Amino acid sequence: MATTAKPGGIRRTSMAKRKMTLALFSMMIPGLIYLVINNYIPMAGLTIAFKKFDYSKGIWGSEWCGLSNFTYLFKTRDAFNIIRNTVLYNLVFIVLGTILAVTVAIMLNLLRGSMNKKIYQTVILIPYLISMVVVSYIVYGFLSQENGFLNSMIVSAGGESVSWYTQSKYWPFILTIVNLWKGFGYTSILYYATVIGIDSSLYEAATVDGAGRWKQIWHVTLPGLRGTIITMVLLNIGRMFYSDFGLFYQVPMRSGLISSVTDTIDVFVYKALTQLNDVGRASAAGFMQSVLGFILVFGANMIIRKVDEESALF
């Protein structure tokens with residue numbers, strides 16, 4: 001015999017759902033308030049990029065100057081240098097950083113024993129948590145001409161000490177090594193979280209088919225990581241015109257003799273801001289970096305969509 005739901009029961013159920021939904025939305029309020037205050041209200045300051053900012057007149061009272069603040073990055077004699085350094089360093093960091101992080105994530109997955117995995121995860125994450133100021137002094141401890149670890153080894157082997165902070169040819173390699181050492185731990189743990197989420201039945205099926213460890217990695221693990229890799233690479237591409245200010249300013253110890261390979265857009269803008277006190281140009285540079293980053297992400301996503309639509313972000 002069929003039963004019919006009582007109207008009162010339906011009303012109580014709908015009210016309970018509304019209360020639950022209201023509770024969930026109320027939990028969002030603090031985060032939304034923070035998002036609006038921290039991310040949206042400051043967007044009004046973008047007008048500074050189009051003004052000749054005068055402290056005495058304020059943001060709204062300063063005169064409009066059109067796009068002149070944007071052109072100074074391209075008119076300066078160092079324009080090619082800083083844009084080249086920013087883009088090329090980021091390309092190297094993305095490629096080598098992804099390869100290193102994926103390799104470490106796979107190695108972590110191959111380890112036996114949960115305790116060993118936890119120890120290794122903690123060890124590789126420590127550099128990521130160290131301040132770049134501390135990192136700069138660690139690097140100085142290795143590279144100091146008088147008491148540096150590397151020069152001590154070179155001198156003890158019968159060679160001459162190297163003045164690392166005055167010779168630019170070494171710094172593309174030094175900065176790359178420091179960046180990889182500091183950042184690979186965090187990224188590899190993100191990839192490792194994806195690896196352990198891959199269905200174990202896929203590995204079992206591969207084993208039944210006679211696939212060894214390397215073939216399992218190639219045909220099961222890497223395809224399972226594809227979505228995460230694409231997402232991480234797209235996020236990094238979005239910051240292609242940004243750079244880690246501490247890495248390029250503090251690690252080289254602000255040495256002007258190697259600025260041709262250490263100056264990036266962020267460092268150049270900081271120097272211009274502190275020397276010329278031109279807030280408008282600094283704001284224009286930041287705005288330009290954001291717009292170019294958006295264009296790069298959108299373009300890269302379009303390419304991925306054509307190759308593999310399921311892997312695209314949008």
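I began with the largest cavity, which has a volume of about 60 Å³. A cavity here is a set of points on a 1 Å grid over the protein atoms alone where a 1.4 Å probe fits but cannot get out. The volume is the space filled by probe spheres set on the points, and grid points are joined across faces, edges and corners.

I noted that this is a predicted model, in which local features need pLDDT of at least 70, side-chain atom pairs count only at pLDDT 80 or more, and totals for chains, interfaces and linings use all residues. Residues are numbered from 1 along each chain as its sequence is written, and side-chain values use heavy atoms, with hydrogens and water left out.

I searched the whole structure and found one cavity of 30 Å³ or more.

I then looked up the lining (residues with an atom within 4 Å of a point). It includes Phe248, Tyr249, Arg254 and Lys271. Helix H11 (245-250) and helix H13 (265-276) each supply at least two lining residues. Helices are DSSP runs of H or I with at least four residues, numbered from the N terminus.

Next I checked the loop between H11 and helix H12 (259-262), where Met253 sits. Arg254 lies in that loop too. Most residues other than glycine have a negative phi. Phi of Met253 is near 60°, a positive value, and Arg254 has a positive phi of about 55°.

How values were computed:
On a 1 Å grid over the protein atoms alone, a cavity is a set of points where a 1.4 Å probe fits but cannot get out, and a pocket is an open set with protein on both sides within 12 Å along at least five of seven lines; lining residues have an atom within 4 Å of a point.
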